[in-house]
Amino acid sequence: MPYRNAPLWRRDPRPGLLVIAFGIAAAAFAALAAMVMLYHPFVAFDQRVSAAVRSLQTPALDSFFRAVTHVGDYWSTVPLTAALVLLLVLKKRPAEAFLVGFTVGVGAALGSLLRELFERARPALDLARIPTPDSYSFPSGHALGTFLLAGMVFFVVALEAKGAAKRGWVLLGCVVVAGLVALSRVYLGVHWVGDVIASWILGAAWMTLNAAAYFAFTKGERPQ
C-alpha cells in the first residue's frame with residue numbers, strides 16, 4: 001500500500017502522541033485540584049511557598065510585576081489573540097487561525113468555569129499589592145490566558161520554521177513571558193502558587209488536545 005494511503009497514525013504519529021499527552025496532563029490537573037481542595041498538608045505547603053515568593057518584595061520588583069501582570073489582562077490577551085488570528089487569515093491559513101481563536105477563547109472560558117466549580121478563595125486582602133479580583137482563585141485566569149496565547153504563538157511559528165534555532169528562541173521568549181505573568185500573580189498576592197501551576201497544566205492539556213485535532217484535520221500536511 002502506498003505510504004500516502006496508509007492510516008494517519010502511521011503517516012503522522014503526532015495526533016496519537018498528543019492525545020496521550022492530553023491524558024497525562026488532564027490526570028495531573030485532576031490530581032492537583034484534588035490536593036488543593038482536600039489535602040490540607042499540600043494546602044499548607046502551597047501557602048508557605050506563596051509566602052516565600054511574596055517575601056522577595058522590593059520597590060523595583062513591585063513596579064516590574066505590576067507592569068508585567070497586565071500582559072495577562074483580558075484587555076491584552078483578547079486584542080493580541082485577535083491580531084494573531086487576523087494575521088493567519090491574511091496569510092490564508094484558516095485552520096491555524098481557527099485553532100488559535102478556539103484554543104485561547106474556549107480555554108479562557110474553561111478556566112472561568114473551573115474557578116466557579118472549585119471556589120478556592122484568593123489570598124487575604126492584606127497580602128495583595130494590587131486590587132484583588134472578585135473571582136475565585138483556582139486556576140489563575142491571567143496565567144492560563146497568557147500560557148495559551150504564548151503556546152499558540154510558538155505552535156504557529158514551529159509549524160513553518162525551518163531551523164531549530166528560530167523555534168528555540170521563540171520558545172524561550174514565550175516561556176519567559178508566560179512565566180513572568182504567572183510569577184507576578186503570586187508575587188502581587190492575588191494567587192497561590194498552586195493556582196498558576198494548575199493553569200499551566202490545564203493549558204497544556206487543552207492545547208495538546210486541540211493540536212491533536214488540528215493534525216488529524218490537516219492530515220499532517222505542513223501549511224503552505
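How do the axes of H5 and H7 cross, and within what distance do they come? The axes of H5 and H7 cross at roughly 20 degrees and come within 10 Å. This is a predicted model, in which local features need pLDDT of at least 70, side-chain atom pairs count only at pLDDT 80 or more, and totals for chains, interfaces and linings use all residues. Residues are numbered from 1 along each chain as its sequence is written, and side-chain values use heavy atoms, with hydrogens and water left out.

**Helix H5**
- Helices here are DSSP runs (H or I, at least four residues), numbered from the N terminus.
- H5 covers residues 74-90, and its 17 residues should span 24 Å at 1.5 Å a residue, which agrees with the 24 Å between its end C-alpha atoms; the expected span is 1.5 Å times one less than the number of residues.
- Thr77, Thr81, Leu84 and Leu88 are the buried residues of H5 (buried is under 20% relative accessible area, exposed over 50%, partly exposed in between, with a 1.4 Å probe and protein chains only).
- Seen down the axis of H5, these buried residues fall within an arc of 60 degrees, so they line one face of the helix; the arc is that of the directions from the helix axis to the C-beta atoms.
- Trp75 and Leu90 are exposed on the face of H5 turned away from its buried side.
- Just after H5, Lys92 has a positive phi of about 60 degrees.

**How H5 packs**
- The buried residues of H5 pack against helix H6 (94-118) and helix H7 (141-160), where contact means heavy atoms within 4.5 Å.
- On the H5 side, Thr77, Leu80, Thr81, Leu84 and Leu88 meet Gly145, Thr146, Leu149, Val153 and Val156 in H7.
- H5 and H7 are therefore roughly parallel to each other (angles under 35 degrees count as roughly parallel, over 145 as roughly antiparallel, 65 to 115 as roughly perpendicular and the rest as oblique).
- Axes are lines fitted to C-alpha atoms, for helices over the stretch in contact, with angles from 0 to 180 degrees between N-to-C directions.

**Helix H3 and Ala52**
- Ala52 is found in helix H3, residues 40-54, and its 41% relative accessibility makes Ala52 partly exposed.
- The buried residues of H3 are Phe42, Val43, Asp46, Ser50, Val53 and Arg54.
- They cover an arc of only 115 degrees around the axis, which puts them on the same side of H3.
- His40 and Arg48 are exposed on the other side of H3.
- Packing partners for the buried residues of H3 are helix H2 (14-38), helix H8 (164-187) and helix H9 (193-218).

Definitions and conventions:
Helix = DSSP H or I, 4+ residues; strand = E, 2+ residues; numbered from the N terminus.
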